[in-house]
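Keep the sequence and the 3D view side by side as you read.

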Amino acid sequence: MADRKALQIQQMSAHPGPIAGKGMQRQSEVCKLIDTTTCIGCKACEVACVEWNDMPFQPTMFDNTYQTMPDTHWNYWNLIKFNESQHSDGSFAWLMRKHQCMHCADPGCLRACPADGAIVQYANGIVDFQQENCIGCQFCVSGCPFNIPKFNPETKKVYKCTLCSDRVSAGLEPACIKSCPTGCLHFGTKEDMKYLAENRAKQLREVSGFTEAGVYDPDTIGGTHVIYVLHDVTKPERYGDLPAKPRIPLSFTVWKEWFKPIGLFVSMLSFVGVVMHYVLEGPLRTQPQPPVKEIDGGIEHRKEN
Amino acid sequence: MATSAERFESAGFINRVGRTVVYAGELLRHRAYARVLHWMYGIFFFLALLSGFGIYLPWIFRFFTPLFGGGAMTRLLHPWFGLGFVFFFMLQVINWVSVMRWTPSDSKWMKHLPDYITSRHTMEPGDVGFFNAGQKLMFWEIVGGAIAYLITGVIMWFPEVFGRVLVSISYVIHDISALIMLAGIFVHIYLSTFGEPGTIQAMTRGTVSEAWAWTHHPAWYREVTGRDPYEAMEAEKERQSKS
């Protein structure tokens with residue numbers, strides 16, 4: 001179970017210098033395990049999320065599915081996605097997946113964010129938005145491979161699931177976990193959840209006949225602190241836009257980390273260039289200039305008029 | 001006295017705004033209209049540049065954002081600064097597009113760029129008109145840059161409309177455009193002040209000395225005065241040595 005100590009920050013967006021709390025405490029990484037094979041789509045977690053976070057009512061939208069609304073919203077962080085999917089043998093599967101922030105080990109939102117401390121990652125792996133530091137640029141939306149951060153046009157801030165960092169820091173499990181009636185949601189250390197998930201996947205493969213069952217914990221973003229057990233881990237897209245290989249755009253990794261400072265340096269060479277031009281070559285004066293008396297070792301003596 | 005090019009600013013109503021005094025020994029270089037435009041997009045350029053710095057590398061340039069009321073305000077204002085820049089620059093493009101047309105002599109000028117940088121010629125080649133090839137190059141770079149700024153900027157302004165992939169591409173293009181213009185602004189300021197004394201008054205009072213004109217823009221000098229720039233220079237030299 002989570003640590004009772006206050007949350008320590010290990011990564012901070014756009015922050016100059018070291019992170020004060022980094023490595024200051026032993027904290028185990030937390031993890032939410034979602035077993036999609038035992039989810040019944042009751043939406044208790046959706047309600048629990050809205051209730052615990054005291055969020056204003058978000059109108060629902062019916063689009064011929066059981067889904068509450070097409071996508072998560074700035075005030076609706078937790079949404080069960082309902083998807084119908086046909087197997088190769090012609091049989092149907094009705095897939096339900098609890099969709100929320102994945103709390104990536106390498107968060108694209110945090111990498112993309114240009115505001116100091118607007119996005120932080122705690123030592124326990126939770127990625128949290130600090131709205132008071134948010135400048136509303138929405139680069140995090142572009143950086144996120146799961147389409148999670150949602151913009152509130154009124155406050156011009158971005159919001160998303162906090163993994164109930166307030167509850168976790170007090171030693172409680174997230175609200176969604178507490179509400180789940182089937183026990184498809186679990187919360188604990190990453191290590192424990194990984195063990196539980198792998199065992200469940202093994203059971204599905206060996207006992208229940210889901211030969212492709214497995215654990216979704218994509219290593220392209222260093223793993224996530226929300227992991228899934230899927231009936232067919234080879235086709236996560238069937239669960240409603242769950243990418244098989246989630247990736248952070250290169251703009252926010254290679255370009256932002258390396259080429260931005262290098263580019264600035266190269267650009268500033270222009271300033272050095274013009275200063276040195278003046279020092280070495282001097283100005284281009286209007287003609288005629290006073291006549292040159294002699295050129296002595298690069299030194300021009302101008303004749304007095 | 002008219003400038004060489006028939007430009008939009010020559011239209012009657014625009015000439016009624018502002019005053020340009022041409023003293024003896026001077027030539028009219030930029031009318032009030034071109035000068036006002038220049039300083040308007042100059043102001044917006046620096047507003048956009050400084051506010052952009054705070055977003056470009058916040059861990060170095062965090063001190064720029066408080067100038068604009070903090071990070072959120074900087075984010076809010078930056079696109080408007082950019083639009084201001086593009087708007088006034090666009091008017092200048094309309095005003096200057098004819099004199100900025102690239103000619104074969106400009107290509108020749110570019111080949112001799114090292115001679116220009118090392119001041120090997122004391123006077124510009126005789127075919128350099130109202131603007132030289134370097135100025136034209138800078139102008140067209142800014143035209144391209146402004147178009148890139150506008151397109152990528154609007155995409156980043158409204159990410160919910162254009163989607164994350166376009167935003168992440170725009171992000172890089174916007175940055176590259178800014179880096180090129182940042183490098184360019186140093187050259188621009190240097191050449192108009194320290195690098196070529198007597199230049200800045202073209203954009204402040206609107207006039208330049210005749211000596212400046214025959215030195216830096218001989219063909220333009222010939223066009224507006226009817227005199228040969230080199231002969232004029234020699235005559236001036238003669239006059240100076242006698243006195």
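Which residues point one way from E2(A), and which the other way? Val30(A), Lys32(A) and Ile34(A) take one side. Cys31(A), Leu33(A) and Asp35(A) take the other. All of them are buried. Bear in mind that this is a predicted model.

E2 of chain A covers residues 30-35. The strand is mostly covered, with six of its six residues buried. Two partner strands can be traced from here. E9(A), residues 185-189, runs antiparallel to E2(A), and five bridges join the two. Within that pairing, Ile34(A) has Leu185(A) as its bridge partner. E11(A), residues 226-230, runs parallel to E2(A), and four bridges join them. There, Asp35(A) stands opposite Val229(A).

The largest nonpolar core holds 94 residues. The members that touch the most others are Cys109(A), Cys113(A), Ile119(A), Cys140(A) and Ile227(A). Yet the largest share of this core comes from H2(B), with nine residues. A second, separate core has eleven residues, among them Ala202(B), Trp212(B), Trp214(B) and Tyr221(B).

What is left in contact with Cys109(A) is Ile119(A), Val127(A), Cys140(A), Gly143(A), Cys144(A) and Pro149(A).

Now follow helix H7 of chain A, residues 254-280. Its 27 residues should span 39 Å at 1.5 Å a residue. The end C-alpha atoms are 37 Å apart, so the two values agree. The helix has a kink of about 35° at Lys260(A), shortly before the proline Pro261(A). Lys256(A), Gly263(A) and His277(A) are buried in H7(A). The buried residues of this helix pack against H2 of chain A, residues 108-112, together with H9 of chain B. After H7(A) comes Gly282(A), whose phi is positive, near 80°.

Turn to chain B. Its secondary structure comes to 13 helices and two strands. The C-alpha trace spans about 70 × 40 × 35 Å along its principal axes. Chain B has 243 residues, and 37% of them count as buried. Take the contacts in chain B between residues at least 6 apart in sequence: 65% of these join residues at least 24 apart.

H4(B) has 26 residues and reaches 36 Å from its first C-alpha to its last. That is close to the 38 Å expected at 1.5 Å a residue. H4(B) has a kink as well, of about 30°, at Leu77(B).

How do the two chains meet? On one side are 41 residues of chain B, in contact with 35 residues of chain A. Seen from chain B, the elements that give two or more residues to this side are H2 (32-56), H3 (58-61), H4 (71-96), H8 (159-162), H9 (164-192), H11 (210-216) and H13 (229-242). H9(B) gives the most, with twelve residues. By type, the side of chain B that touches chain A divides into 22 nonpolar, eleven polar and eight charged residues.

Key: Residues are numbered from 1 along each chain as its sequence is written. Chains are lettered from A and ligands numbered from 1 in the order in which they are written. This is a predicted model: local features need pLDDT of at least 70, side-chain atom pairs count only at pLDDT 80 or more; totals for chains, interfaces and linings use all residues. Two residues are in contact if their C-beta atoms, placed from the backbone, lie within 7 Å. Ala, Val, Leu, Ile, Met, Phe, Trp, Tyr, Cys and Pro count as nonpolar, Asp, Glu, Lys and Arg as charged, and the others, Gly among them, as polar. A nonpolar core is a set of buried Ala, Val, Leu, Ile, Met, Phe, Trp, Tyr and Cys residues joined through C-beta atoms within 7 Å. A residue is buried if 20 or more other C-beta atoms lie within 10 Å of its own, exposed if 12 or fewer, and partly exposed in between; C-beta atoms are placed from the backbone. Two strands pair if DSSP finds at least two bridges between them. The expected span of a helix is 1.5 Å times one less than its number of residues. The bend at a residue is the angle between axes fitted to the seven residues ending there and the seven starting there. Lists of a residue's contacts leave out its neighbours within four places in sequence.
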